[in-house]
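Here is a short tour of one protein chain, written for someone just starting out. Keep the 3D view open while you read.

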Amino acid sequence: MNFSRKWSPIHHNYSFNGTTLDRVFLHKDLDIHYTLSSNFEHHINVTVGKDLKVLGFIKHNTKQFSSASCLQTLYFSLVHSILE
C-alpha cells in the first residue's frame, strides 16, 4: 500500500527476496483500518458494527435484569470500551 498526496501517484512493484509483494488497498494495524483514500469511513463502519453486535448480545441476554447499575456497568465495560 502506498500513501501519497499526489492525484496520480507512481506505483512501483516491490519485491522481497525475489518474491513480488501484492498490492493491498486495506490494511489493519493496531486495530485501525487504513485505506488508500486516507479517510476513516471503513474503520468507523467496522467499529460501529462491532459495537452494535456487542450491544445486541447484551440486550438479548439481559432481558431479565432489573438493576440499572448492572446494565450500566455492562454497557461501559463492553460497549463503551470499544468506542474508546
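## Starting at Ile 44

Let's begin at Ile 44, which you'll find in helix H1. Helices here are DSSP runs of H or I with at least four residues, strands are runs of E with at least two, and both are numbered from the N terminus. With 46% relative accessibility, Ile 44 counts as partly exposed. That label sits between buried (under 20% relative accessible area) and exposed (over 50%), using a 1.4 Å probe and protein chains only. Ile 44 is 12 residues from Ile 32 in sequence, and their C-alpha atoms are 9.2 Å apart in space.

A quick word on where this comes from: the model is predicted, so local features need pLDDT of at least 70 and side-chain atom pairs count only at pLDDT 80 or more, while totals for chains, interfaces and linings use all residues. Residues are numbered from 1 along each chain as its sequence is written, and side-chain values use heavy atoms, leaving out hydrogens and water.

## The whole chain

Zooming out, the chain has 2 helices and 4 strands. Read from the N terminus, the order is β-β-β-β-α-α. Of the 84 residues in the chain, 10% are buried.

What about contacts, meaning heavy atoms within 4.5 Å? Among those between residues at least 6 apart in sequence, 34% join residues at least 24 apart.

Which residues of H1 are buried? They are His 43, Thr 47, Asp 51 and Ile 58. Looking down the axis of H1, these buried residues fall within an arc of 60 degrees, so they line one face of the helix. The arc is taken from the directions from the helix axis to the C-beta atoms. The buried residues pack against strand S4 (32-35) and helix H2 (68-83). Take Thr 47, for example: its relative accessible area is 17%, and it touches Ile 82 and Leu 83, leaving aside residues up to four places away in sequence.

On the other side of H1, you'll see Glu 41, Leu 52, Lys 53, Phe 57, Lys 59 and His 60 exposed.

## A nonpolar patch

Now for the surface. A nonpolar patch of about 780 Å² is made by Ile 32, Phe 40, Ile 44, Val 48, Leu 52, Leu 55, Tyr 75, Phe 76 and Leu 83. H1 and H2 are the elements that give two or more residues to it, and the largest share, 4 residues, comes from H1.

Patches are made of residues with over 30% relative accessible area and no salt bridge; like charges are joined within 9 Å, and nonpolar side chains (Val, Leu, Ile, Met, Phe, Trp, Tyr) within 5 Å. A salt bridge is a side-chain nitrogen of Lys or Arg within 4 Å of a carboxyl oxygen of Asp or Glu.

## A curious loop residue

Finally, find Asn 17, in the loop between strand S1 (15-16) and strand S2 (19-20). Phi of Asn 17 is near 55 degrees, a positive value in a residue other than glycine. Most residues other than glycine have a negative phi. Asn 17 is also exposed, at 71% relative accessibility.

Notes: Contact means heavy atoms within 4.5 Å. Accessible areas come from the Shrake-Rupley method with a 1.4 Å probe; for residues, only the protein chains shown count as cover.
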